[in-house]
Amino acid sequence: LIRSYSINFIIGKANLETFSIPTLQEILETIRKDPNIMVVVEGHTDSTGPTEFNMYLSKQRADMVSSWLVQNGISSKRIITEWFGNTRPISENSTIEGRWKNRRVEIILLNTES
């Protein structure tokens, strides 16, 4: 593991917000510098809404981040995209702050060099 990042989302949305761009640019520069880095992009939601929709939304969020990386020059062969809906919360869903933390995409950078 090289580093892990988190990008948060507005409730019910998969759009990348302007506040996410600096983090994405930092990730992009790190990936560009090292061809041995693989990227795991994991989509998540809070517990608001139906389970099926949350699974779909978490996929949309992960796909949005993966697409942004590809559009900015990272090969799709270096990206693994996964989605988990609301099955892996990192905070409680009973508060606004907790739900905000759970509405995220986690980006994990792995070094594939042995």
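1. Asp-63 sits in helix α2. This is a predicted model. Asp-63 is partly exposed, at 24% relative accessibility. Glu-113 is 50 residues from Asp-63 in sequence, and the two C-alpha atoms are 26 Å apart.

2. Asn-54 also belongs to helix α2, which covers residues 51-71. Is Asn-54 buried or exposed? Asn-54 has a relative accessible area of 1%. Buried means under 20%, so Asn-54 is buried.

3. Which residues does Asn-54 touch, leaving out those up to four places away in sequence? The list runs Thr-45, Asp-46, Ser-47, Thr-48 and Gly-49, then Gly-85 and Asn-86. One of these, Asp-46, returns in point 6 as a salt-bridge partner of Arg-103.

4. How many salt bridges does a search of the whole structure find? The count is six. Among them is the pair Glu-26 and Arg-3, with an N to O distance of 2.7 Å. Glu-26 lies in helix α1 (residues 21-33) and Arg-3 in strand β1 (residues 3-8), so this bridge ties together parts 23 residues apart in sequence. Glu-26 is partly exposed at 37% relative accessibility. Arg-3 is partly exposed too, with a relative accessible area of 42%.

5. The side chains of Glu-29 and Arg-32 form another salt bridge, at 3.1 Å from N to O. Both residues lie in helix α1. They are three residues apart, about one turn of the helix. Glu-29 has a relative accessible area of 37% and is partly exposed. Arg-32 is partly exposed as well, at 47%.

6. Arg-103 and Asp-46 meet through their side chains in a salt bridge of 2.9 Å, N to O. Which parts does this pair tie together? Arg-103 is in the loop between α3 (96-102) and β4 (104-111), and Asp-46 is in the loop between β2 (37-43) and α2, so the bridge ties together parts 57 residues apart in sequence. Arg-103 counts as buried, at 10% relative accessibility. Asp-46 is buried, with a relative accessible area of 2%.

7. Taken together, the Asp-46 entries give one local picture. Asp-46 touches Asn-54 of helix α2. Asp-46 also bridges to Arg-103. Asn-54 is buried, Asp-46 is buried, and Arg-103 is buried.

Methods. Residues numbered from 1 in each chain as written. Predicted model: local features only at pLDDT ≥ 70, side-chain atom pairs only at ≥ 80, totals over all residues. Heavy atoms only, no water. Helix = DSSP H or I, 4+ residues; strand = E, 2+ residues; numbered from the N terminus. Buried < 20%, exposed > 50% of the residue type's maximum accessible area, 1.4 Å probe, protein only. Contact = heavy atoms within 4.5 Å. Salt bridge = Lys/Arg side-chain N within 4 Å of Asp/Glu carboxyl O.
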